[in-house]
Amino acid sequence: MAPESPVLERVPGQAQAISFLMQAAARPHHAYLLAGPEGGGKSLAARAFAAALLCERGGCGDCRDCRLALDDKHPNEFIVEPEGRDIHVDTVRAEIWHPAFRTAPEPRRKIFMIREADRLNPAAADVLLKVLEEPPADAVILLLSARPHELPETVLSRCHVVTFQPLAESFVVDTLVGEDIDPTRAALAARLSGGNLGRARRLATNADGLAFRDVALEALRRAASGAAGALQAADLVLEAADRYKKGLKEQLDEELAPFLDERGRPEDAYRGAIRRLEERHKRRVRRAERDYVDWVLMAASALLRDRIVVAVGGDAGLLINPDLSTTGRAGIPASAAGLAALEAARAALAEDLNLNTRLVLEQAFLRLGDPLAA
Ligand SMILES: [Zn+2]
């Protein structure tokens, strides 16, 4: 029988991976690779595993260690994620190499978590490899990746691989409903996210909910009215992205609260942890515009795709937005060309952080509104 770990037991839909991690939590190795498609629950499992490793009771889910770990805020946790397209060597040096060989802020293990580990650039992977080759006794390193084959073999061979399976859409809906989310909203979020549980949860619980889809609808409507409308559509999307970014900034103060004394000053022991939270937050704020713009473009693509489904007389079960009545006037070729323009914009923005977002959006919306281009 597997040892008890309530915090791990709560991770849904990945029985095999979770039972492996429960066994592992009792006597962990130095490094694990959590491999599987986006949205299958790797992040959730990694947080729960970190809690199980940091909690005195093996992951009770309620103590301070558990709560901080589940929130990505435990001082002994070092989290690395891509900044732009890559994970850079300086980040790995500062967040893994140095702390790995230093005393932990609190008297427990140190947990290193590398999200989207396949984005380590070669120099960063080399530095990580040095830590993996001589791992400090009190460190556990977790790599997460949806593209494990893109990791260097030298890194892969030093990790225990834990495989995560894709989740069925119905499972995502049931999970969200189990978390007290309204069933209609859960179904819509699951569909829009393509069965990605993490994204579905964010969509369903986001304060402004599916507001980005309203932005997408309005942008499509304006873009259809011609060149002036296309430029307005780009404006509209950027304004909404800016509001989203401002909201994120306000969250930082809340996140820092647990590490401040009664007078609102940082406690000495947590200066490092606070600095890391601030850094991570800055990265998130920097990414916010691109993230939001991507959601809007994704939603706009989904809307055009639904028009095609309706135009070819497809089954309503195939619609991504079953709650909307699809009334696009554009025909199949125009919708298909629009879809291509939107997806090209998403790919361009994901690939090159130096691109001017406004220009990319304007170009995509101009192509949408121009019947000749279609
Ligand atoms: Zn605990």
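Two strands count as paired if DSSP finds at least two bridges between them. Strands (E, at least two residues) and helices (H or I, at least four) are DSSP runs, numbered from the N terminus. In this pair, Ile111 stands opposite Val140 in β4. I then followed the chain from β3 to β4; it passes through helix α6 (residues 122–133), and this β-α-β crossover is right-handed. Right-handed here means that, with the strands pointing away from the viewer, the path from the first strand over the helix to the second runs clockwise.

I noted the conditions of the work. The model is predicted, so local features need pLDDT of at least 70 and side-chain atom pairs count only at pLDDT 80 or more, while totals for chains, interfaces and linings use all residues. Residues are numbered from 1 along each chain as its sequence is written.

Glu77 has Ile111 in β3 as its bridge partner. The chain crosses from β2 through α5 to β3, and this β-α-β crossover is right-handed.

I checked burial in β3 next. A residue is buried if 20 or more other C-beta atoms lie within 10 Å of its own, exposed if 12 or fewer, and partly exposed in between, with C-beta atoms placed from the backbone. Five of the five residues of β3 are buried. Lys110, Phe112 and Ile114 lie on one side, Ile111 and Met113 on the other, and both faces are covered. In a regular strand the side chains alternate between the two faces of the sheet.

I then took the whole sheet. It is open, has five strands in the order β2-β3-β4-β1-β5, and pairs in parallel. β2 (77–80) and β5 (160–163) are at the edges with a single partner strand each, so one side of each has no neighbour in the sheet. The twist averages 20° from one strand to the next.

Tyr32 stands opposite Leu142 in β4. Axes are lines fitted to C-alpha atoms, for helices over the stretch in contact, and angles run from 0 to 180 degrees between N-to-C directions.
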